[in-house]
Amino acid sequence: ANHLIAALQQHHELDIDWKGKLFCRISLDWSYTDRTIRLSMPGYVTCALRPFKHVAKAKPQDYPSSSCTHQIWAANTTSP
């Protein structure tokens, strides 16, 4: 591994993570006993919205619009 790292460092800037917590900006949370891994990308949404000059609202909005209602009305209840 050290020879490969030395060869790559001659031509590229490297960040080495020997604990395996980060790969290509993806955070890895390993659970060897459960044989699972959780992947996350902290800050991804913020960075993705930056080119669109998106401004977050002060109060989170978890629904499409304030004018939406949760009532469903059937226009025609009779079958043809």
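This is a predicted model: local features need pLDDT of at least 70, side-chain atom pairs count only at pLDDT 80 or more; totals for chains, interfaces and linings use all residues.
View 1. Strand β2 covers residues 26-31 and runs antiparallel to β1, to which two bridges join it. The two strands form a hairpin with two residues between them. In this turn, C24 has a positive phi of about 50 degrees.

**View 2. The pairing of β2 with β3.** Strand β3 consists of residues 36-40 and is antiparallel to β2. Five bridges join β2 and β3. One of the residues to look for is L28, whose bridge partner in β3 is L39. Four residues lie between β2 and β3 in their hairpin, and R35 in the turn has a positive phi of about 55 degrees.

View 3. The side chains to find here are L4, L8, L14, I16 and W18, which make a nonpolar surface patch of about 500 Å². I16 belongs to the loop between α1 (2-9) and β1 (22-23).

**View 4. The whole chain, for orientation.** Two helices and three strands make up the secondary structure of the chain. Their order along the sequence is α-β-β-β-α. The chain has 80 residues, of which 4% count as buried. Its accessible surface comes to about 8,600 Å², and carbon and sulfur atoms account for 58% of this area.

Definitions and conventions
Residues are numbered from 1 along each chain as its sequence is written. Side-chain values use heavy atoms; hydrogens and water are left out. Patches are made of residues with over 30% relative accessible area and no salt bridge: like charges are joined within 9 Å, nonpolar side chains (Val, Leu, Ile, Met, Phe, Trp, Tyr) within 5 Å. Accessible areas come from the Shrake-Rupley method with a 1.4 Å probe; for residues, only the protein chains shown count as cover. A salt bridge is a side-chain nitrogen of Lys or Arg within 4 Å of a carboxyl oxygen of Asp or Glu. Buried means under 20% relative accessible area, exposed over 50%, partly exposed in between (1.4 Å probe, protein chains only). Two strands pair if DSSP finds at least two bridges between them.
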